[in-house]
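Let's go through this one by asking what backs each label we put on it. Have a look first, then we'll talk.

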Amino acid sequence: MNENRDFTPAPASTRASAAGLLRHPSHPPVLSARNLTKTYGPTTALAGLSLDIRAGESVAIMGASGSGKTTLLHVLAGIIAPDSGQVHLNLPGQSVQVEALAESARSRLRREAFGFVFQQGLLIPELNALENVAVALMLNGAPRPAAEQAAAGWLQALGLGGMEQRRLGELSGGQAQRVAIARAQVTGAGVIFADEPTGALDSATSADVMQVLLESTIGAGKTLIVVTHDDGVAASCGRVLTMRDGRLTGDSAGGVIAAGLARGGNQ
Ligand SMILES: Nc1ncnc2c1ncn2[C@@H]1O[C@H](COP(=O)(O)OP(=O)(O)OP(=O)(O)O)[C@@H](O)[C@H]1O
């Protein structure tokens, strides 16, 4: 799976051309969700939501607390299964029906095809920055020296050269989020999911971290999906989706598709 992945950050020229290719409008969606439903007891978290996301898009998901944003992110990423509906993933060399996979296959998909940046919690305090990044590759079977070399490349690329040996407690919030971004990217994941990635940061650091996140994902032709309450974070993304009561109520991509999706129907 994912045999063509490159463990080192691509040069800027390559990234630019990859992004151009992948953003071509005729390119099929990298993620297609259809009629997703999810309930928790009496609570409806997803109420028949359909959505297409194309490779190279940066998509912000906004909406009031409890509107279903995190549930949608988790269903798209195969962290939880929907009660009904489908999620199709279409990456180069990899076309799978995410919700139909067994848990072991979904777990492998999450490790190899997806990267995750959360507000906090994914980094291991006992490990230094280099080890925190390298461990993502080692979980996928990479030998330690190669994993650490790739991790060092990503830390350097994200402005953390010289901080490889620092543990979590020795990094600022913004630096820790850069380590988390490096960790999400190092496996060559095609889709990066971020849930409130700047939620614990001040606004200047938040803008800085978002710039790093955007450059290292859509700048390399990857896809970025961000759940956020922050208007500034959403404004930095190419497309903004709005949710209410488990449905999409707005899509800045606009047009007929957005109107159809807002009613929860198929395109
Ligand atoms: N594991 C769970 N068990 C029970 N209810 C849940 C669970 N996860 C989510 N919910 C409920 O589902 C609804 C949607 O939750 P979700 O976390 O997706 O919303 P959200 O838009 O991300 O909210 P927030 O902005 O506060 O993080 C909420 O009413 C929430 O309480």
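Q: What makes S6 and S7 a strand pair, and in which sense do they run?
A: Two strands pair if DSSP finds at least two bridges between them. Strand S6 (residues 114-118) and strand S7 (residues 191-195) have five bridges, in the parallel sense, so they qualify as a pair. Phe 114 stands opposite Val 191 in S7. Keep in mind that this is a predicted model.

Q: Is S6 mostly covered or mostly open, and how do you know?
A: Mostly covered: four of the five residues in S6 are buried. To count as buried, a residue needs 20 or more other C-beta atoms within 10 Å of its own.

Q: What makes H6 an enclosed helix?
A: Eleven of its 13 residues are buried, so the rest of the structure largely encloses H6. The buried set includes Arg 178 and Arg 183, along with Val 179 and Ile 181. What do these buried residues pack against? Their partners are S6, H4, helix H5 (144-157), S7 and helix H7 (203-217).

Q: How do you know the length of H6 (residues 173-185) fits a helix?
A: Take 1.5 Å times one less than the number of residues. For the 13 residues of H6 that gives 18 Å, and the end C-alpha atoms are 18 Å apart, so the two agree.

Q: Which residues touch the most other members of the largest nonpolar core?
A: Ala 60, Ile 61, Val 133, Ala 151 and Ile 225, out of 73 residues in that core. Helix H4 (residues 129-139) gives the most to this core, with seven residues. As for Ile 61, leaving aside residues up to four places away in sequence, its contacts include Ile 225, Leu 241 and Met 243. Lys 69 is also one of the residues Ile 61 touches.

Definitions and conventions. Residues are numbered from 1 along each chain as its sequence is written. This is a predicted model: local features need pLDDT of at least 70, side-chain atom pairs count only at pLDDT 80 or more; totals for chains, interfaces and linings use all residues. A residue is buried if 20 or more other C-beta atoms lie within 10 Å of its own, exposed if 12 or fewer, and partly exposed in between; C-beta atoms are placed from the backbone. Helices (H or I, at least four residues) and strands (E, at least two) are DSSP runs, numbered from the N terminus. A nonpolar core is a set of buried Ala, Val, Leu, Ile, Met, Phe, Trp, Tyr and Cys residues joined through C-beta atoms within 7 Å. Two residues are in contact if their C-beta atoms, placed from the backbone, lie within 7 Å.
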